[in-house]
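Work through the exercises below with the sequence and the 3D model open. Each task is followed by a solution in steps.

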Amino acid sequence: MRLGKRAKEMIRLNTVRILLIIVTFVYVLPFFWMISTSLKADQDLFLMPPKWFPIPPHWENYKQAIQYFPFFTYFKNSVIITSLSVLGTLLSSPMVAYGFSKIKWPGRDFFFYLMLSTMMLPFAVTMIPTFIIFKKLGLVNTLWPLIIPSFFGSPGSIFLIRQFFNTIPDDLIDAAKIDGATDWQIYWKIAIPLSKPVLTLVGLFQFIGSWNNYLGPLIYISDESKYPLALGLPTFLSRYGTHWNWMMAAATLSVIPIVIFFFFAQSYLIEGIKLTGLKE
């Protein structure tokens, strides 16, 4: 007996849902393992088969993790680096994107594609010249090399925001100009208020990138009192033994700010992802 159209549609939807559940489980599993390990006793860490639900949970691992290394010093450094980097990106990238989208000037498209081409340069190519620049400026072993680049725009962020600005009708911009508004006024009073979804998306990307940045601090910072959390967590590793449960507890604490940011910004994020995918 042939299935009806409605039955086929239900089978298709259920198949998609099952696949999504499987993919979600694969992505959530490492995060769950991290939390599970953070609550285990030392003797339970290497049990086979592994114990997924430690009973009783050892919440004192979190206290031990905070006391084992200067967690709050590293946390403060991460907050400073991340907050200023997000601020720099949200100040600089929209300005550049608006210039590439709504202001006509000679060579605009050429310089836009030239800017995009810089995304293909691997970090290893620019690492040494950038380090030399900051060395000449006397900023090595400070937090500034991790913050200053964000104030000059990010090609990926500029591209996303430009795609969003392209969805703003030119008639709206022209009407504002007829009313006597300058490009600066149009940018601040029309473009920026309309672009909250994509700015939230860009802010989240920058937040995650700065918060989890390990290689940058490793290159520029040698003073342990200036370490961010990403560089401080490996201090749990030791040739004489590693406190994996303490390390996972500290890692879990370091993830909490990202989860909180995503929780409050998820509605903007979904809208931003939809709108940045629209055609010009």
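**Exercise 1. The largest nonpolar core**

Task: Find how many residues the largest nonpolar core has and which of them have the most contacts inside it.

Solution. 
Step 1. A nonpolar core is a set of buried Ala, Val, Leu, Ile, Met, Phe, Trp, Tyr and Cys residues joined through side-chain atoms within 4.5 Å. Buried means under 20% relative accessible area, exposed over 50%, and partly exposed in between (1.4 Å probe, protein chains only).
Step 2. The largest such core has 30 residues, and those with the most contacts inside it are Ala 65, Phe 69, Ile 221, Leu 229, Leu 233, Phe 236 and Ala 250.
Step 3. Helices α2, α3, α9, α11 (229-232) and α12 (244-276) each supply at least two residues of this core. Helices here are DSSP runs (H or I, at least four residues), numbered from the N terminus.
Step 4. The most comes from α12, which gives seven residues to this core.
Step 5. Both domain 1 (2-62) and domain 2 (69-240) contribute, with at least three residues of this core from each. The domain bounds come from an automatic or database domain assignment.
Step 6. Take Ala 65 as an example: not counting residues up to four places away in sequence, Ala 65 touches Phe 236, Trp 246, Ala 249 and Ala 250. Contact means heavy atoms within 4.5 Å.
Step 7. A second, separate core has 23 residues, including Phe 165, Ile 192, Val 198 and Val 202.

The model is predicted: local features need pLDDT of at least 70, side-chain atom pairs count only at pLDDT 80 or more, and totals for chains, interfaces and linings use all residues. Residues are numbered from 1 along each chain as its sequence is written, and side-chain values use heavy atoms, with hydrogens and water left out.

**Exercise 2. The two domains**

Task: State how the protein is divided into domains and what distance separates the domain centres.

Solution. 
Step 1. The division is into domain 1 (2-62) and domain 2 (69-240).
Step 2. Taken over C-alpha atoms, the centres of domain 1 and domain 2 are 34 Å apart.

**Exercise 3. The largest pocket**

Task: Describe the volume and the lining of the largest pocket.

Solution. 
Step 1. On a 1 Å grid over the protein atoms alone, a pocket is an open set of points where a 1.4 Å probe fits, with protein on both sides within 12 Å along at least five of seven lines; lining residues have an atom within 4 Å of a point. Grid points are joined across faces, edges and corners, and a volume is the space filled by probe spheres set on the points.
Step 2. The largest pocket holds about 1100 Å³ of space. Its lining has 33 residues, and the closest to the pocket centre are Phe 123, Thr 126, Pro 149, Ser 150 and Gly 153.
Step 3. At least two lining residues come from each of α3 (71-101), α5 (123-136), α6 (155-165), α9 (196-211) and α10 (215-220). The largest share, five residues, is from α5.
Step 4. By class, the lining has 20 nonpolar, 13 polar and no charged residues. Here Ala, Val, Leu, Ile, Met, Phe, Trp, Tyr, Cys and Pro count as nonpolar, Asp, Glu, Lys and Arg as charged, and the others, Gly among them, as polar.

**Exercise 4. Backbone details**

Task: Which peptide bond is cis, and where is Asn 141 found?

Solution. 
Step 1. The bond from Ile 55 to Pro 56 is cis, with omega near -5°. Pro 56 lies in the loop between α1 (5-38) and α2 (60-68).
Step 2. Asn 141 is in the loop between α5 and α6. Although Asn 141 is not a glycine, its phi is positive, about 70°.
Step 3. Asn 141 counts as partly exposed because its relative accessibility is 21%.
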